[in-house]
Amino acid sequence: MFKCKAAWNKLAPLARASSTLCRQAGKRAVLRHERTPQFVQPAHMSSGPSGGGGENTLYFVLVGATCLAGGAYAYSTLVGDRERYQQRITEIESRSSKPAAEPSTPAKTQPETAASEPASAAASPAVEPTHAPYLLIGGGTASFAAARSIRARDPGARVLIVTEEDDLPYMRPPLSKELWFSDDPTVTETLRFKQWNGKERSIYFQPPSFYVSPTELESVENGGVAVLTGRKVMHMDVRGNKVKLSDGTEISYDKCLIATGGIPRNLQVIERAGDEVMKRTTLFRKIEDFKALEKVSRELKSITIIGGGFLGSELACALGRRSADLGLEVVQMFPEKGNMGKVLPEYLSNWTTDKVKKEGVKVLTEAVVKNVTYKEGKVEIKLKDGRVVKTDHVVAAVGLEPSVELAKSAGLEIDSDFGGFRVNAELQARSNIWVAGDAACFYDIKLGRRRVEHHDHAVVSGRLAGENMTGARKPYWHQSMFWSDLGPDVGYEAIGIVDSSLPTVGVFAKATAKDTPKAATEQSGTGIRSESETEAVAGSVAVGKAAPTPPPQQKEDYGKGVIFYLRDKVVVGIVLWNVFNRMPIARKIIKDGEEHADLNEVAKLFNIHEE
Amino acid sequence: MSYCKQEGKDQIIFVTKEDHEAPSNAELVEDDPNDPYEDHGLILPNGDINWNCPCLGGMASGPCGQQFKDAFSCFHNSKEEVKGSECIDFFRGMQECMQKYPELYPQEDDNESAPSGEAEAEAVLPADSTSSDSVSASVPTSEEVASGTESPATS
């Protein structure tokens with residue numbers, strides 16, 4: 001084979017040279033040995049030939065060193081040669097339209113190079129696949145879940161993920177929670193976090209060794225998942241079943257998944273405010289945003305978060321916890337009356353806001369931003385009611401804009417109510433195109449058309465899309481859940497439509513110290529709650545004496561309970577408030593879609609007084 | 001003694017432990033074990049293995065997925081007295097493959113590969129259940145994501 005011949009040609013003169021060198025060195029050593037009287041040291045050498053004393057050792061050391069040096073030189077020459085070869089091949093390929101039969105040996109002979117690449121894989125070498133049986137656009141949670149699903153169901157499947165990010169697929173929830181609670185000062189580099197049960201893991205779903213290189217994808221024996229990073233899909237030709245990337249490459253596909261997610265929204269007032277303000281604003285979504293904000297939190301004195309939903313509140317709590325140690329002022333402002341105002345009923349939202357304040361956050365409710373300017377080294381935020389906040393840095397957590405740019409070239413429908421690509425109950429946009437995750441506006445048989453921006457939904461819908469791409473033809477059925485933690489004392493899990501504008505019925509018991517997110521995960525031994533259901537749940541521990549019911553006049557403590565969200569008397573959403581490992585029951589109630597006369601009876605099913 | 005109050009459209013009920021002691025009279029719809037839409041546990045209604053089960057983590061989808069499937073299928077279909085005794089070659093193949101990816105399949109002392117296959121089997125035995133929620137599979141420690149919801153998992 002040309003490769004071997006070329007390699008040998010390069011190595012041959014080297015081999016000759018090094019062997020000459022060895023022989024000469026050997027001769028010299030041996031000569032020395034012969035001349036000097038033999039000190040027969042009965043030194044027992046564990047390796048190497050028997051007999052001989054120090055001189056032999058020197059001889060072997062010399063030979064060893066020479067061979068090592070020779071080997072290193074040969075290695076570097078081979079690598080350089082391979083690169084030049086690759087480049088030549090690319091050039092030839094780009095001229096012809098046929099894909100090159102890329103020999104897999106170059107990639108295999110240098111496994112160390114691949115393994116030593118950092119976790120954020122750099123853009124792959126020159127030659128790329130031109131066809132992928134399964135093409136996944138977007139490299140986030142939904143895409144990864146689909147890839148896994150496809151691989152599980154279609155043996156030998158070749159899956160290509162194309163992402164504009166430079167990182168391999170990773171999970172988002174820790175970016176606004178666990179990573180901030182880490183004691184490790186290198187956390188921004190390692191991106192590893194300790195779960196409550198003490199076990200550490202990376203935010204990346206899989207290490208780089210899980211994936212095959214894109215250049216190997218078409219040839220590798222049992223197929224695999226390859227990730228093409230730093231490339232954006234700019235144009236989609238649905239009739240021709242192919243896409244065009246930002247670097248001009250074209251890739252054809254048999255089946256395609258669009259899992260492009262979204263980009264954070266910004267406030268118009270900030271966009272209009274000019275560069276100085278924009279420079280000091282973070283739109284939080286990706287790993288790089290986490291790294292930047294973490295740096296800011298250590299260097300600056302005041303951070304203001306605009307937005308009172310999941311992301312805003314979680315970041316506020318995470319930063320608030322650090323505020324004392326860092327001497328950092330954390331301000332959170334939003335138009336609603338309380339944190340999670342659009343999700344939790346008012347009484348609970350108010351209670352939650354008090355908890356957030358206890359985490360060290362200055363919360364400004366009913367705050368509508370009028371304008372933002374940069375003045376005297378500070379970002380000045382003026383509210384409509386006249387309040388002014390002067391801060392060093394702004395984090396805008398005001399929602400997500402689904403990424404639907406491909407809809408135009410692909411001729412796909414966009415939903416006018418919820419945004420995102422409009423797909424059917426099986427997540428299909430066209431016969432061979434599916435959409436999953438944040439960008440999918442799908443038909444939920446039980447709850448109606450919706451678009452969900454939660455982690456577990458990305459997993460569930462990604463997995464479903466993967467199943468359907470391999471012929472399952474199943475509709476969205478397994479209801480996804482979501483969760484949030486606001487500090488160590490307040491945590492909840494929820495499922496279905498959890499909209500505070502719906503009428504709600506809340507059933508509460510008094511909480512004990514055992515009812516906290518920390519205790520819950522410790523007990524179930526899981527790091528994050530969406531998976532605690534698939535783990536064996538520890539036996540329930542009987543709670544001590546029930547606390548006496550507080551008399552109505554005192555301030556209520558909504559320690560733990562269940563909140564039902566109703567639409568036309570049917571439960572469409574449930575929040576489990578500081579009550580954990582009960583999601584299967586909640587899921588069942590939503591699935592049934594029945595009208596229940598007495599929700600207190602339904603609440604009994606949750607055993608809220610027990611662990 | 002529980003009490004109830006109304007705040008606008010939101011009703012709030014406080015209950016004591018005693019209030020909730022009586023069994024619930026709420027009626028739940030009976031589940032159809034053969035519902036084609038439902039997510040199934042490790043074993044599908046027709047007896048096949050559900051390779052996409054969250055309980056398997058990514059074992060069937062990684063670089064050693066094919067070897068894992070071969071080994072586990074053989075084990076599952078084994079009718080020998082010592083279940084899986086004829087599957088040694090498959091398990092060896094799987095172990096060899098896994099040794100090539102120590103990052104993905106950490107080789108711990110109280111091991112993984114073969115015993116985790118057995119552990120899966122034990123989980124399978126009571127498995128007439130089709131609900132993934134009730135399958136208490138002992139999750140293989142091999143891959144990082146050991147649970148199907150792809151959330152940070154305990155390995």
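What share of the contacts in chain B with a separation of 6 or more is accounted for by residues 24 or more positions apart? In this predicted model, such residues account for 45% of those contacts, where contact means heavy atoms within 4.5 Å. In chain A, residues 24 or more positions apart account for 68% of the contacts with a separation of 6 or more.

The model is predicted, so local features need pLDDT of at least 70 and side-chain atom pairs count only at pLDDT 80 or more, while totals for chains, interfaces and linings use all residues; side-chain values use heavy atoms, with hydrogens and water left out. Residues are numbered from 1 along each chain as its sequence is written, and chains are lettered from A and ligands numbered from 1 in the order in which they are written.

The secondary structure of chain A comes to 17 helices and 28 strands. Helices (H or I, at least four residues) and strands (E, at least two) are DSSP runs, numbered from the N terminus. Of the 611 residues in chain A, 53% are buried, a term for under 20% relative accessible area, with exposed meaning over 50% and partly exposed in between (1.4 Å probe, protein chains only). Chain B has three helices and two strands, and its elements run β-β-α-α-α from the N terminus on. Buried residues make up 49% of the 155 residues in chain B.

Helix α5 of chain A (residues 141–153) was examined together with helix α14 of chain A (residues 455–469). Two packed helices are described by the angle between their axes and the distance between the axes. Here the angle is about 35° and the axes are 7 Å apart. Axes are lines fitted to C-alpha atoms, for helices over the stretch in contact, and angles run from 0 to 180 degrees between N-to-C directions. The crossing of α5(A) past α14(A) is right-handed; a crossing is right-handed if the near helix is turned clockwise from the far one by less than a right angle, and left-handed if anticlockwise. On the α5(A) side the contact involves A:T141, A:A142, A:A145, A:A146, A:S149, A:I150 and A:R153. These meet A:H455, A:A458, A:V459, A:G462, A:R463, A:G466, A:E467 and A:M469 in α14(A). The residues of this contact divide into seven nonpolar, five polar and three charged. In this division Ala, Val, Leu, Ile, Met, Phe, Trp, Tyr, Cys and Pro count as nonpolar, Asp, Glu, Lys and Arg as charged, and the others, Gly among them, as polar.

The 13 residues of α5(A) reach 18 Å from the first C-alpha to the last, close to the 18 Å expected at 1.5 Å a residue. The expected span of a helix is 1.5 Å times one less than its number of residues. Helix α5(A) is mostly covered, with 12 of its 13 residues buried. Its buried residues are covered by elements including β1 (131–137), β2 (158–162), β5 (224–228), β8 (250–258) and α14 of chain A, together with α1 (65–77) of chain B. One residue of helix α5 of chain A is A:A145, which is buried at a relative accessible area of 3%. A:A145 and A:S202 are 57 residues apart in sequence and 17 Å apart in space, C-alpha to C-alpha.

Helix α14(A) has 15 residues and reaches 21 Å between its first and last C-alpha, close to the 21 Å expected. Because 15 of its 15 residues are buried, α14(A) is largely enclosed by the rest of the structure. It is followed by A:G471, whose phi is positive, near 95°.

Helix α11 of chain A (residues 310–326) has 17 residues, which should span 24 Å at 1.5 Å a residue, and its end C-alpha atoms are 24 Å apart, in agreement. A kink of about 25° is centred on A:G320 in α11(A), the bend at a residue being the angle between axes fitted to the seven residues ending there and the seven starting there. A:G320 is also one of the buried residues of α11(A), as are A:L319 and A:R322. After α11(A) comes A:G327, with a positive phi near 65°.

Positive phi also occurs at residues other than glycine. A:E376, in the loop between β14 (369–375) and β15 (378–383) of chain A, has a positive phi of about 50° and is exposed, with a relative accessible area of 78%. A:N607, in the segment after α17 (599–604) of chain A, has phi near 50° and is partly exposed at 39% relative accessibility.
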